[in-house]
Amino acid sequence: MEFAVALAAKGKFTAKPNPLVGSVIVNNNEIVGQGYHQNYGGNHAEINAINSVYKKYKKAKDILKESTLFCTLEPCNHDGKTPPCTNAIIQSGIKNIIIGAIDPNPKVSGTGINKLIQHGLQVQSGVCESLVEDQNKFFFFRHRKKRPFITLKIAASKDGKAFLQNSDERTIITSSEARADVQLIRAEYDSILTGGNTLRKDNPKMNARVEFNVNQPQKILLSTEIHSKKYEFFKNNDVLIFNDKNVSINSIIKKLSASEINSILVEAGPKLVNAFLKTSLVDQVIYFEAPHNLGSHGMPWFDTDNYLELNGFQRSSSSRIGPDKKIIFSKND
């Protein structure tokens, strides 16, 4: 199962917002087939594993009848972008299946296992369950909490400032190394959310500029003003726009919860960041701190020192990215 989990990781940036899933087929203690969910909308891991057996062996059907299928997540039992995986498993002749974790998606949860059992398969679940859940943290969170996992990304000077108030130019605070790390962070999230002030002041692209294939995050804009499509933010991606000033952040997140978005990375200025913190919906803060001060002309992120700790967050990790500090704050349970 650990090998199947490692296979699943190969789809980290291209399967999302679907969960990462790996599958291995074993016959007489030998791996005869393997696969993982490679692309959103494409074959699921179990199908790729079964197909790999047919590609490799002339007597694939006979081999499958005597094999055990390992799958990190419960096989789906509903029609979505692809047919139910349970049907393919039953038709393959496989009689034994070992599952890492039960799918938290109510469309699947338990129904896949029940169908397999009803068709005479021996099913075992809960093998390396914590590994599978950790690998799909955002996916499990959304289905259990009924909302996306929300992270704030903050870039601050040593004295806790966000930008220079007396400048019309974009204030670049962190190093090139830290900004490159932000691209990797963006690649992990299903969506990126910002506000109108950031759009006007920084004209950001807010896509994941990385050197590997990635399903680009869905862009989300919260702004009461209508913005020109000339901004970089609107290029090469559809944008969800919420422009009703009477609609609360809670209402917006509730609406997004009905979508497939498992995770939201908020990259915005102090006003919107603080508004999110007041909702108690924030689960994590990634805080980059540069070694220099902006001084009295800088706009502070927060009104008080240790604001995050005073509002229920604790440091879960700290590291160096070039000359900058990268501190991750997690919400206290």
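**The close-up**

Modeller: Start with Glu267, which is buried at a relative accessible area of 5%. Buried here means under 20% relative accessible area, exposed means over 50%, and partly exposed lies in between (1.4 Å probe, protein chains only). This is a predicted model, so local features need pLDDT of at least 70 and side-chain atom pairs count only at pLDDT 80 or more, while totals for chains, interfaces and linings use all residues. Residues are numbered from 1 along each chain as its sequence is written, and side-chain values use heavy atoms, with hydrogens and water left out.

What does Glu267 form with Arg186? A salt bridge, with the closest N and O atoms 2.7 Å apart. The term covers a side-chain nitrogen of Lys or Arg within 4 Å of a carboxyl oxygen of Asp or Glu. The two partners come from distant parts of the chain, 81 residues apart. Glu267 sits in the loop between strand 11 (263-266) and helix 11 (270-279), and Arg186 sits in helix 8. Helices (H or I, at least four residues) and strands (E, at least two) are DSSP runs, numbered from the N terminus. Arg186 is buried too, at 8% relative accessible area. Shared partners join Lys153, Arg186 and Glu267 into one salt-bridge network.

The structure holds 10 salt bridges. Helix 8 (residues 176-188) supplies a partner to another of them: Glu188 meets Lys12. Their N to O distance is 3.4 Å. This pair also links distant parts of the chain, 176 residues apart, with Lys12 in the loop between helix 1 (2-8) and strand 1 (22-27). Glu188 is partly exposed at 34% relative accessible area. Lys12 is partly exposed at 37%. A further bridge joins Lys161 to Asp159 at 3.8 Å, N to O. There, Lys161 is buried at 14%, whereas Asp159 is partly exposed at 28%.

Two strands pair if DSSP finds at least two bridges between them. Strand 14 runs antiparallel to strand 15 (residues 324-331), with eight bridges between them. Ser318 has Ile327 of strand 15 as its bridge partner.

Now turn to strand 3. Six of its six residues are buried, so strand 3 is largely enclosed by the rest of the structure. Strand 1 joins strand 3 by four bridges and runs antiparallel to it. Strand 4 joins strand 3 by five bridges, in parallel. Thr68 pairs there with Asn96 of strand 4.

Helix 4 (residues 85-92) buries Cys85, Thr86, Ile89 and Ser92. Seen down the helix axis, the buried residues fall within an arc of 130°, so they line one face. The arc is taken from the directions from the helix axis to the C-beta atoms.
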